[in-house]
Amino acid sequence: LQAKIILRWFASPCRLFYIVCHIPTGSLSIHATDRNEVAPIKAFMKRSIESVSSNSPESKCEEMAPPAKPRTIALFDVDGTLTTPRGKITPEMNEFMTCLKSHVTVGIVGGSDLDKQKEQLGDDVVGRYPWNFSQNGLVAYKNGKLTAETTIAGEIGEKNVSRIVNWVLRYLSDVELPIKRGTFFEFRSGMFNISPIGRNCSRKERNDFEKFDFENGTRKQMVEAMKEEFKDLNLTFSIGGQISFDVFPQGWDKTYSLRFLPESDYDVIHFFGDKTFAGGNDHEIFEHPRTIGHTVTSPDDTMEQCKRLFMS
């Protein structure tokens, strides 16, 4: 650990640099005949050292280390909590979550289907965490193995599925928006996802619609209309993300996942999410008596809160 790297670099026969790198601190000692060349060389060497340090085995957490508190579980929403909306998890967050698994049991509770989770969190998401719940827990995996799968069509019947699809398409045909794209209605095994602008919109269009919706309440108005139209079906409507809302039978919100986490196995359940306000898709599990809810504002905020709670 006290080793030094001594680099000799010749730009020309009359220009000589001696660069001494102290490992692992990354400190540099540079001697040169031409001081104008020192700054760029120093910057280059520093970047190289940081790259080596970031890939050093000592900087990584043990992937297979068991949690110090296995009876404490931390559940995480995806969009706005572990990633930016519809974004991919960063290497920093990925490593942080690996480290967190050595402190507490970890689970993912997302509203999207498993394919979308894989796009955001990686193809190995099912096996990476002890618990994985997609579609609010209607599709549940424990230690990489499918535990349960429930469908909305089986719950409300195909006739009512068609009734809802037809009504939504008629309603959206009369909604005036700055732009519309495609995929307004997405059928998932455990819920319907409805997007007034259409899920095929670009990142910029997604951001623009979020601002428009905040000012005009497009999704809220549609939710109220659907509550009245389908009050006989006992459905729940949950606004989440930037461009859409979910529709599912009452009790099929994210609290559905809690049925797989018996009190005999877990003493404390923490939940982290960004849409914890009334009407948001994290609200019910955030308020549930079995959970300790934490509102986060970004993936960075998620890391900071977890460090204070579990790693200090």
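**Exercise 1. How much space lies in the largest cavity? Find its volume, then describe its lining.**

*Solution.* Before starting, note that this is a predicted model, in which local features need pLDDT of at least 70 and side-chain atom pairs count only at pLDDT 80 or more, while totals for chains, interfaces and linings use all residues. Residues are numbered from 1 along each chain as its sequence is written, and side-chain values use heavy atoms, with hydrogens and water left out.

Step 1: the volume. The largest cavity holds about 270 Å³ of space. On a 1 Å grid over the protein atoms alone, a cavity is a set of points where a 1.4 Å probe fits but cannot get out. Points are joined across faces, edges and corners, and the volume is the space filled by probe spheres set on them.

Step 2: the lining. Lining residues have an atom within 4 Å of a point. There are 25 of them here, and D79, S112, G240, G241 and N281 are the closest to the centre of the largest cavity.

Step 3: the elements. Two or more lining residues come from each of α3, β11 and β12 (244-249). Helices (H or I, at least four residues) and strands (E, at least two) are DSSP runs, numbered from the N terminus. The largest share, three residues, belongs to β12.

Step 4: The lining of the largest cavity has three nonpolar, twelve polar and ten charged residues. In this count, Ala, Val, Leu, Ile, Met, Phe, Trp, Tyr, Cys and Pro are nonpolar, Asp, Glu, Lys and Arg are charged, and the others, Gly among them, are polar.

**Exercise 2. Why does the largest pocket lie between domain 2 and domain 3? Work through its lining.**

*Solution.* Step 1: the space. The largest pocket contains about 410 Å³. A pocket is an open set of grid points with protein on both sides within 12 Å along at least five of seven lines.

Step 1: the residues. Its lining has 18 residues, with D213, R219, K220, I239 and F277 nearest the centre. The lining of the largest pocket splits into six nonpolar, five polar and seven charged residues.

Step 2: the elements. At least two lining residues come from each of α7 (203-216), α8 (218-229) and β11 (235-240). Helix α8 gives the largest share, six residues.

Step 3: the domains. The largest pocket lies between domain 2 (69-138 + 252-311) and domain 3 (153-249) because both give residues to its lining. These bounds come from an automatic or database domain assignment.

**Exercise 3. Is K116 buried or exposed, and which residues does K116 touch?**

*Solution.* Step 1: the place. Look for K116 in helix α3 (residues 114-121).

Step 1: the burial. K116 has a relative accessible area of 12%, so it is buried. Buried means under 20%, exposed over 50%, and partly exposed in between (1.4 Å probe, protein chains only).

Step 2: the contacts. Leaving out residues up to four places away in sequence, K116 touches R86, E186, R188 and R199, where contact means heavy atoms within 4.5 Å. The side chains of K116 and E186 make a polar contact of 3.1 Å. Such a contact is a pair of N or O atoms within 3.5 Å; within protein, one must be able to donate a hydrogen and the other to accept it, and residues adjacent in sequence count only if both atoms are side-chain atoms.

Step 3: From C-alpha to C-alpha, K116 and R86 are 8.4 Å apart, though 30 residues separate them in sequence. R86 sits in the loop between β4 (69-76) and α2 (91-100). R86 is not a glycine, yet has a positive phi of about 60°.
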